[in-house]
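Subject: Structure for you to look through

Hello,

Here is the structure I said I would pass on. Please open it and keep it on screen while you read the notes below.

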Amino acid sequence: METARHPYDTIVIGLGCAGVAAASALAKAGNKVLALESNGRIGGRVQTVISPSNSGVIEWGAEWIHGADNFINSILKKHNVLVLPQSLETMTLRSDGSVATPNSSKNSSFFDLFEIGQRPETNEELLCWHGYGYKTLLQIMLNTYNNGPGLPNLDVELKTMVFRIVWPRDGSGNVEVHCATKVYIASNVIVTTPLGYLKKNHKNFFNPPLPKKKVEAIQNINTGTINKIVIKFNEPWWPKKPSFFKFEWTDDDVAKIPLQDSWITQIFGASSPSGCRKSLILWVRGTAAERVEKMAEHILRQTCMKLLKRFFGKISTTQNPWIVQCTTWSSSFNMGGSYSFESYDTAYTRGRSDLAEPLVDATGELRVLFAGEATHSTKFSTTHGAIETGLREARRLVSNFNVEM
Ligand SMILES: Cc1cc2nc3c(=O)[nH]c(=O)nc-3n(C[C@H](O)[C@H](O)[C@H](O)COP(=O)(O)OP(=O)(O)OC[C@H]3O[C@@H](n4cnc5c(N)ncnc54)[C@H](O)[C@@H]3O)c2cc1C
């Protein structure tokens with residue numbers, strides 16, 4: 001296996017929000033940085049997909065910016081990128097085809113249903129991207145927006161899976177980052193791989209192995225899955241407003257579903273994406289979210305159309321879709337879930353700071369640092385939380401940190 005001759009100051013592993021934030025901040029501060037990403041694209045759980053018929057953009061991962069006072073919004077304003085407040089108005093459709101009135105609907109809102117766990121600050125305003133797409137934010141950070149030239153101090157290697165990090169606990173030599181055909185070297189690394197990935201791989205990923213309290217944190221913080229089923233139509237046939245449709249099952253209808261089909265009640269609603277009027281997104285959570293990832297397209301299509309006819313059939317004439325696709329956030333080899341969460345009964349907040357703690361060698365040098373949404377004590381499961389963790393780790397490595405986004 002070839003070993004790179006020239007060491008980098010820092011190697012960033014993973015180019016989602018956290019990795020992009022860390023890599024761009026360090027490169028802008030003058031460090032020589034290499035970013036290694038297993039996917040063939042930048043973004044991780046941010047995945048803006050341009051519709052093949054050019055009818056808009058759809059977010060397969062993160063959808064909204066949480067909070068108008070979020071620093072992401074000020075970065076965007078500086079670059080004249082307009083994001084708009086999202087109307088949270090929701091129509092509740094019942095499984096018997098009726099539309100629920102506010103008084104007759106069960107209590108949970110559409111948004112309560114996809115909060116898979118407890119996170120402080122969940123009542124923020126939501127902002128949506130319309131035509132731009134979440135990827136714009138990452139392009140701005142990497143200086144590639146509007147055909148920008150990128151960052152001179154940052155090398156990016158896509159489709160490059162890291163298998164192992166070997167770090168010198170005694171302080172001698174560099175950190176080695178082992179990929180399929182090459183070993184890269186650096187003074188230190190920032191690991192931003194998702195918690196779901198670390199759960200499956202931490203034992204073989206680090207040499208020497210991780211300390212006990214970090215392993216416990218990896219084991220104890222939960223990961224959960226929400227998937228999107230993206231359904232594209234030739235024309236929109238559902239009501240133009242609102243953008244959110246919550247599905248509410250009547251007790252009678254639930255009782256009639258055969259046990260083996262009861263998972264469909266975990267498809268909790270539909271939304272009309274702000275960037276693409278010709279598509280509907282069905283939102284699915286829990287065990288059903290994992291199940292739909294493995295489903296054959298024709299079965300998924302049949303199931304979704306049956307569901308849409310049941311809920312929308314009395315108010316709209318449904319049409320056949322031309323494509324039905326499903327995100328695979330749980331089974332993707334480099335993911336292992338949509339986001340980390342705190343469950344109401346087993347809150348394990350200390351684990352997040354244990355997860356964030358860097359590994360230091362015998363001479364006191366920082367060698368292996370950790371970023372990513374799961375390492376944020378309060379803003380986990382968000383893009384702005386992930387970005388903050390990337391900046392936090394960059395700040396640990398450079399003094400006089402004052403990097404403009
Ligand atoms: C369906 C869905 C909806 C969401 N909605 C919202 C929302 O509306 N608002 C919001 O704020 N947040 C939302 N989120 C959460 C948000 O997307 C994440 O919190 C955030 O993007 C995580 O960023 P990250 O950098 O921590 O991790 P990631 O984006 O997962 O980045 C980690 C990167 O590491 C790479 N990687 C993994 N293993 C390796 C390896 N061995 N070698 C090299 N690279 C590797 C991965 O490919 C990935 O690119 C949503 C997420 C999902 C899935």
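Which residue of β19 does Gly269 stand opposite? Gly269 faces Trp283 in β19. Before going further, please note that this is a predicted model.

The six-stranded sheet

The strands β18 (residues 267-271) and β19 (residues 279-285) are antiparallel partners, joined by four bridges. In general, the strands of a sheet pair through backbone hydrogen bonds, and the pairing can be parallel or antiparallel. Both strands belong to an open sheet of six, which runs in the order β8-β17-β18-β19-β16-β20 and has mixed pairing. At its edges are β8 (90-94) and β20 (323-326); each has a single partner strand, so one side of each is left without a neighbour in the sheet. On average, neighbouring strands here are turned by 20° against each other, if direction is ignored.

Two helices go with this sheet. Helix α8 (residues 286-293) packs on the sheet and touches β16, β18, β19 and β20. Its direction makes about 120° with that of β19. Helix α9 (residues 297-312) lies across β8, β16, β17 (244-248), β18, β19 and β20. Relative to β20, α9 runs at about 105°.

The three-stranded sheet

There is also an open sheet of three strands, in the order β6-β9-β7, with antiparallel pairing. Its edge strands are β6 (65-66) and β7 (84-85), and each of them pairs on one side only. Between β6 and β9 (residues 126-128) there are two bridges, and these two strands run antiparallel. His66 stands opposite Leu126 in β9.

The surroundings of the ligand

How many residues surround the ligand? There are 37, and the closest are Gly14, Gly16, Gly44, Arg45 and Ala62. The elements that contribute two or more residues to this shell are α1 (17-28), β16 (226-232) and α11 (383-397). The largest share, three residues, comes from α1. By class, the shell has 16 nonpolar, 16 polar and five charged residues.

A helix pair

Helix α1 also packs against helix α4 (residues 135-142), at an angle of about 20° and with the axes 9 Å apart. Angles under 35 degrees count as roughly parallel, and α1 and α4 are therefore roughly parallel to each other. The crossing of α1 past α4 is left-handed. On the α1 side the contact is made by Val20, Ala21 and Ser24, and on the α4 side by Leu138, Met141 and Leu142. Sorted by class, this contact has five nonpolar residues, one polar residue and no charged residues.

Backbone details

Where is the cis peptide bond that involves Pro208? This bond runs from Asn207 to Pro208, with omega near -5°. Pro208 is placed in the loop between β14 (206-207) and α6 (212-220). Another cis peptide bond joins Lys241 and Pro242, where omega is about -5°. Pro242 lies in the loop between β16 and β17, and these two strands are members of the six-stranded sheet described above.

Last, look at Asn146, which has a phi near 55°, a positive value in a residue other than glycine. Asn146 is found in the loop between α4 and β10 (154-157).

Regards

Conventions
Residues are numbered from 1 along each chain as its sequence is written. This is a predicted model: local features need pLDDT of at least 70, side-chain atom pairs count only at pLDDT 80 or more; totals for chains, interfaces and linings use all residues. Two strands pair if DSSP finds at least two bridges between them. A residue is near a molecule or strand if its C-beta atom, placed from the backbone, lies within 6 Å of it. Ala, Val, Leu, Ile, Met, Phe, Trp, Tyr, Cys and Pro count as nonpolar, Asp, Glu, Lys and Arg as charged, and the others, Gly among them, as polar. Axes are lines fitted to C-alpha atoms, for helices over the stretch in contact, and angles run from 0 to 180 degrees between N-to-C directions. Angles under 35 degrees count as roughly parallel, over 145 as roughly antiparallel, 65 to 115 as roughly perpendicular and the rest as oblique. A crossing is left-handed if the near helix is turned anticlockwise from the far one by less than a right angle, and right-handed if clockwise. Two residues are in contact if their C-beta atoms, placed from the backbone, lie within 7 Å.
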